[in-house]
Each structure stands twice: as C-alpha cells, then as structure tokens.
Amino acid sequence: MVLTLNEIRSIGLCVTTQELFDTKRFLYNYCDSLILRGKDDQLKNNLIGVKREMNALTTQRKFLDGYKAIITNNIDKILSLVSSRYEKIEPNDVRKIGMNGRDLIKKTLKSNSFEEILSLEGEFKSKITLPTYELFLNELKRSNVKII
C-alpha cells in the first residue's frame with residue numbers, strides 16, 4: 001500500500017488544530033516566522049497592526065470569534081474523516097472520539113477568551129489527536145505498511 005496525503009489528512013488536521021489551541025504562541029508569534037522579518041515594509045506594517053489588535057483587550061474579541069469558528073470547523077472535519085475511515089474497523093473508538101469532539105466544540109464555542117481555549121489543548125490532544133493517531137497506526141499495520 002502506498003501512503004498518500006489523503007490517508008494522513010486526519011492526522012495533519014489534528015496537528016494543525018492542536019497548534020491552534022496553543023493560543024499564547026499564536027498571539028505572541030503571529031507572522032514572526034518569516035513575514036515580519038522580511039523586507040516588505042508595507043506588508044510588515046499591516047501585519048504589525050493586526051498583531052496589535054489581536055493582543056489588545058478592546059479589539060481581541062473580534063479575532064476570538066473567528067478563531068473559535070476555525071477550531072470548530074477543523075474538529076468537525078476531523079470527526080468526519082475519522083468516521084468515514086475507521087467506523088467499520090473500530091466503531092467504539094470512533095464513537096468515543098465523536099462524543100469527545102462534540103464536547104470540545106461546545107467548550108470552544110463557549111470560550112470567552114484565548115486563555116480558555118488554551119486550557120482545552122491537553123483535552124484535545126488526549127481525546128482527539130492521540131486516539132486518531134492510534135487508529136491511523138492500526139490501519140497502517142493492517143495494511144502492512146512499514147512504520148518507522
């Protein structure tokens with residue numbers, strides 16, 4: 001069996017979403033990786049303005065609502081992928097991941113701050129990322145794909 005990007009999509013979404021739960025890193029390091037260190041002053045100035053607004057208490061709320069929408073959408077995609085790929089093989093595990101995912105969506109939507117979202121990171125990792133990764137590895141083993 002050849003491993004394609006489609007097979008690892010659920011794991012990729014888990015990793016990406018888990019990084020989103022680390023809101024401190026997101027807020028403090030927004031675009032610091034390359035763009036704010038680059039030579040495009042116009043883009044840099046625009047992004048610095050966005051970064052200031054995200055970290056200002058008076059304007060942070062508008063970013064929070066969008067952030068929650070992205071996390072919620074990612075969890076929904078993860079649940080869909082997990083269900084479609086592993087339901088026939090491990091229905092109990094898929095059901096549990098689904099329940100935990102819906103619970104995390106509710107908690108995320110109720111969050112009133114980036115700090116509240118940050119507090120959900122461990123729960124996301126233990127109840128969504130790791131079980132999804134385990135299902136993925138078990139599927140690879142069943143398919144005789146060598147795991148390093």
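Reply: Helices are DSSP runs of H or I of at least four residues, strands are runs of E of at least two, and both are numbered from the N terminus. The model is predicted, so local features need pLDDT of at least 70 and side-chain atom pairs pLDDT 80 or more, while totals for chains, interfaces and linings use all residues. Residues are numbered from 1 along each chain as its sequence is written, and side-chain values use heavy atoms, without hydrogens and water.

The protein has seven helices and zero strands. Along the sequence the pattern reads α-α-α-α-α-α-α. The C-alpha trace spans about 50 × 35 × 20 Å along its principal axes. Contacts (heavy atoms within 4.5 Å) say how the chain is folded back: of those between residues at least 6 apart in sequence, 71% join residues at least 24 apart.

Now the salt bridges. The criterion is a side-chain nitrogen of Lys or Arg within 4 Å of a carboxyl oxygen of Asp or Glu. By that rule there are ten. Exposure comes up for each pair below: buried is under 20% relative accessible area, exposed is over 50%, and partly exposed lies in between (1.4 Å probe, protein chains only). Of the 148 residues, 36% are buried.

Take helix 4 (residues 60-86), which holds both Arg-61 and Asp-65. The two are four residues apart, about one turn of the helix. Their side chains form a salt bridge, N to O 3.5 Å. Arg-61 is partly exposed because its relative accessible area is 39%. Asp-65 is partly exposed too, at 38%.

Lys-62 has a relative accessible area of 53%, so it counts as exposed. Glu-53, at 30%, is partly exposed.

Arg-52 is found in helix 3 (residues 41-55). At 62% relative accessibility, Arg-52 is exposed. Its C-alpha lies 9.7 Å from that of Tyr-28, 24 residues away in sequence.

Next comes the pair of Glu-123 and Lys-107. They form a salt bridge whose closest N and O atoms are 3.0 Å apart. This pair links distant parts of the chain: Glu-123 lies in helix 7 (residues 121-142) and Lys-107 in helix 5 (residues 91-110), 16 residues apart. Glu-123 counts as buried because its relative accessibility is 15%. Lys-107, at 33%, is partly exposed. Both belong to a network of salt bridges that also includes Asp-103 and Lys-127.

What about charge overall? Lys and Arg count as positive, Asp and Glu as negative, with His and the chain ends not counted. Each charge is placed at NZ of Lys, CZ of Arg, CG of Asp or CD of Glu. On that basis, the mean positions of the 25 positive and 19 negative charges are 1 Å apart.

Last, the surface. Accessible areas follow the Shrake-Rupley method with a 1.4 Å probe; for residues, only the protein chains shown count as cover. The protein exposes about 9,400 Å², with carbon and sulfur atoms supplying 55%. Ile-8 sits in the segment before helix 1 (9-21). At 32% relative accessibility, Ile-8 is partly exposed.
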